[in-house]
Amino acid sequence: MKLTVDRNELWQGIDTVLDAVPSKPALPVLANILLEADGETLSLAATDLDLSIRTEVPAAIEKKGRITVPARTLAEITREWPDAELSIEVQDDRLKLSGRLGEADSSEGAYSLSGMAADEFPNMPTSLEGVGLTLGDDEADSSVLVDMINKTAFAVSRDDTRPVLNGVLWRIDSQGMQMVATDGSRLACYKLAIDLKDQVKGDEESSVIVPPQALSQIVKLLGGQGGPVKITLGETQVLFEMGRKKLLSRLIEGPYVDYGQVIPQNNKKELRIASEDLLPAVRRVSILSSSYTRQVRFKLNSGQVELSAASPEIGGEAREVIPAQYTEDEMEIGYNAQYLIEILRKMDTNEIRFELENHVTAALLRPTEQKEGEDYFCLLMPLRPTG
Amino acid sequence: MSLSDLADQDRVKAVAASWLESGRIPHAILVCGAEGTGKRRFALELVKAVLCIEGSPFSCDQCPTCRKVDSLQHPDLHTAMPLPPRRGKREASPEALRDAVVEFLAGGATPPSNANIAVEHLRQLQKELSYSPTESPRKVGLLFAAERMHPAGANSLLKILEEPPARVVLVLVATAPERLLPTVLSRCQRLTLGPLSADSIRRQLELEGVVGERLELAVRMGAGSLQRAKEVAAGQFDEMRRLVEEFLAAGAAQQDEIYWNILDELGGDRGELEVFLLICGQYLRDLFLLAHGQGEAVVQVDRRAYLESASETIDAARAALEIDRAAETLANNASPQLVLTDLWRSLRRGGQASTMPPEASLAGARRK
């Protein structure tokens with residue numbers, strides 16, 4: 001392998017893939033970055049087995065080839081390299097970096113790094129079989145995807161005993177997309193009706209469970225650039241392609257829980273509160289909630305809600321009354337403040353609608369106004385009221 | 001190497017081949033068999049065959065997948081084995097565990113008896129297996145010395161055994177499968193490796209430069225276990241054989257001072273005494289064979305002179321019964337020293353003790 005590449009291009013490429021390099025690699029080769037020179041590009045790839053990122057940078061290739069070298073070391077050398085051309089050559093499993101460091105003819109640097117054979121590196125398919133679609137043309141912007149992820153991924157379970165709940169369920173069919181996440185106490189579901197008939201065939205549908213790390217990484221990669229994103233949901237992996245960057249993630253083996261049956265169908269009582277009143281009030285009151293249950297109690301009266309909390313540890317009590325639209329019977333419900341705050345933050349609306357039945361069944365929370373085609377709701381289980 | 005290159009074990013190889021050919025691979029496979037019958041190698045080759053997509057039914061042994069399995073670098077292969085307890089420290093890191101498995105596969109010693117498979121490693125394995133495979137159509141969890149799972153760990157593994165995620169194959173390797181939880185055992189398909197044939201052990205030892213009487217002795221004393229045969233060839237049992245010879249001869253001649261020397265040298269180690277009794281048994285079998293004109297079949301081929309002189313003084317059939325009884329008492333957790341003392345008394349008393357129940361004779365030994 002022999003090539004020359006612009007330092008800035010190379011650094012950007014390395015910086016992109018560096019996120020996938022694990023801090024504690026399960027296999028020695030995972031601490032390395034894979035370099036492949038072919039055609040007119042140098043491609044860089046890194047993986048922690050769950051997640052792989054690959055990107056390409058333009059380079060003048062004299063001789064093609066592939067090698068893996070320690071990722072962090074290569075990143076540091078490249079970062080400190082001045083803005084100039086960099087020559088890369090591989091000889092006997094060693095990567096040699098050299099080039100002029102400044103204006104003067106005599107200034108020159110030469111670095112060499114021992115590498116590992118590229119065959120040891122896990123394979124990363126560049127394309128997948130499965131349901132594919134592209135976001136970013138006129139119908140749906142790629143920011144829709146970021147929005148969906150932000151509004152659901154927070155609710156995934158952190159407990160390892162049920163692996164399927166550690167991921168976000170993602171369904172795609174010709175009528176739209178849906179993401180669901182739950183940890184058993186709360187559930188977030190975002191449905192987006194968009195016309196995907198051109199991309200997804202009539203009865204084709206795909207549903208996969210994606211680890212949240214992959215989703216937060218895709219948010220990060222999409223954040224930097226608008227641009228279209230091509231998504232392929234395969235049987236065991238999901239592939240995102242954004243220009244030169246590719247992100248491939250393993251999926252969690254299903255099937256996902258049947259969440260449909262926990263969504264209450266006849267929550268007739270309705271409570272509406274302005275989010276600018278509710279969120280700060282919950283945050284304040286929760287300061288004096290029990291550090292174990294984090295319970296904040298809601299006492300619903302016609303026209304108002306009384307929030308209260310008591311902390312036996314601190315020996316404090318808090319009470320606030322905020323205006324609300326509520327016309328049903330008086331009722332008292334307790335919620336976990338942490339969960340409620342997280343949901344309220346994601347709602348992104350002026351007014352929140354609670355749909356309730358009684359003090360022991362799940363509440364449905366929705367933004368009062370939603371964009372056309374969008375259906376977002378969160379489900380929150382109440383806590384058993386305590387004295 | 002692939003499964004087809006492994007010596008012997010034709011029956012289990014045929015079973016594995018039929019699984020691999022039909023693509024109906026059980027989600028949990030238990031590879032069991034005595035020490036030294038090639039379980040480690042067999043299990044690794046089985047894993048290779050499951051993961052390799054080139055070869056059929058066994059692995060091609062050339063593709064990158066096979067090479068990665070050999071070096072334990074395959075992303076869809078997750079292993080665990082017992083590691084010695086680390087006082088006051090957290091469990092070994094994944095790298096340390098991997099290094100230990102690599103060493104174990106390269107012929108490293110069996111883990112010490114106080115080593116357990118860490119619950120943390122099993123949880124990690126379970127987490128890995130809940131993801132879909134990266135490169136191969138399946139993913140494999142490989143557990144060596146699976147009977148050394150802590151019950152809490154075994155129970156956490158039950159989740160995978162009961163509701164296996166798609167595309168998961170779990171391979172457990174165990175010398176003593178009866179020590180696994182019955183709930184685990186009942187969910188595994190067993191592959192039991194039989195003793196290796198004398199010919200294949202002989203071939204293997206010849207490759208390692210063992211010749212002559214020593215080779216013949218190692219093959220016969222190995223009794224189907226390559227590991228044991230190698231230890232014999234390396235002279236690890238020479239000292240023990242000397243003790244056995246002294247013990248049997250002195251017992252017949254009623255020389256008590258020699259008994260005290262032997263007791264001193266054996267000490268109170270249960271494992272040592274087990275081996276001692278095993279070798280005693282082999283000697284007595286040899287004496288019995290000699291007495292019946294079957295001198296060709298003896299195990300101790302290099303000690304024919306000793307055997308011939310001993311066969312005149314020792315009543316092999318009776319002594320063998322005593323040895324069996326001692327081994328049984330030892331297995332029932334009696335004190336090794338008492339077992340040896342009792343054995344000595346019955347050997348030199350000319351066999352009356354064999355009619356006594358073990359408890360009574362042990363009590364007698366205690367009084368003495």
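**Close-up views of a predicted model**

**View 1. The second largest cavity.** In this predicted model, the second largest cavity has a volume of about 40 Å³. Its lining consists of Leu266(B), Gly267(B), Asp269(B), Leu273(B), Pro336(B), Gln337(B) and Leu340(B). H16(B) supplies the largest share of this lining, three residues. Sorted by class, the lining of the second largest cavity has four nonpolar, two polar and one charged residues.

**View 2. The largest cavity.** The structure holds three cavities of 30 Å³ or more, and the largest cavity has a volume of about 60 Å³. Around the largest cavity are Glu322(B), Arg325(B), Ala326(B), Thr329(B), Val339(B), Asp342(B), Leu343(B) and Ser346(B). Two or more lining residues come from each of helix H15 (316-331) and helix H16 (336-348) of chain B. Three residues of this lining are nonpolar, two are polar and three are charged.

**View 3. The eight-stranded open sheet of chain A.** The strand order is E14-E11-E12-E13-E25-E24-E23-E18 (chain A), and the pairing is antiparallel. Strand E14 (205-210) and strand E18 (269-274) of chain A are the edge strands, each pairing on one side only. From one strand to the next, the twist averages 15 degrees.

**View 4. Pairing of E11 with E14 in chain A.** Strand E11 (residues 168-173) of chain A runs antiparallel to E14(A) and is joined to E14(A) by six bridges. Leu169(A) has Ile209(A), in E14(A), as its bridge partner.

**View 5. Helices lying across strands of chain A.** Helix H5 (residues 275-286) of chain A lies across E18 and strand E23 (351-356), at about 85 degrees to E18(A). Helix H6 (residues 337-347) of chain A lies across strand E13 (186-193), E23, strand E24 (363-367) and strand E25 (374-380), at about 170 degrees to E25(A).

Technical notes:
Residues numbered from 1 in each chain as written. Chains lettered and ligands numbered in written order. Predicted model: local features only at pLDDT ≥ 70, side-chain atom pairs only at ≥ 80, totals over all residues. Heavy atoms only, no water. Pairing = 2+ DSSP bridges. Helix = DSSP H or I, 4+ residues; strand = E, 2+ residues; numbered from the N terminus. Axes fitted to C-alpha atoms, helices over the stretch in contact; angles between N-to-C directions. Contact = heavy atoms within 4.5 Å. 1 Å grid on protein atoms, 1.4 Å probe; cavity = no way out; pocket = protein on both sides within 12 Å on 5 of 7 lines; lining within 4 Å. Points joined across faces, edges and corners; volume = space filled by probe spheres on them. Nonpolar A, V, L, I, M, F, W, Y, C, P; charged D, E, K, R; others polar.
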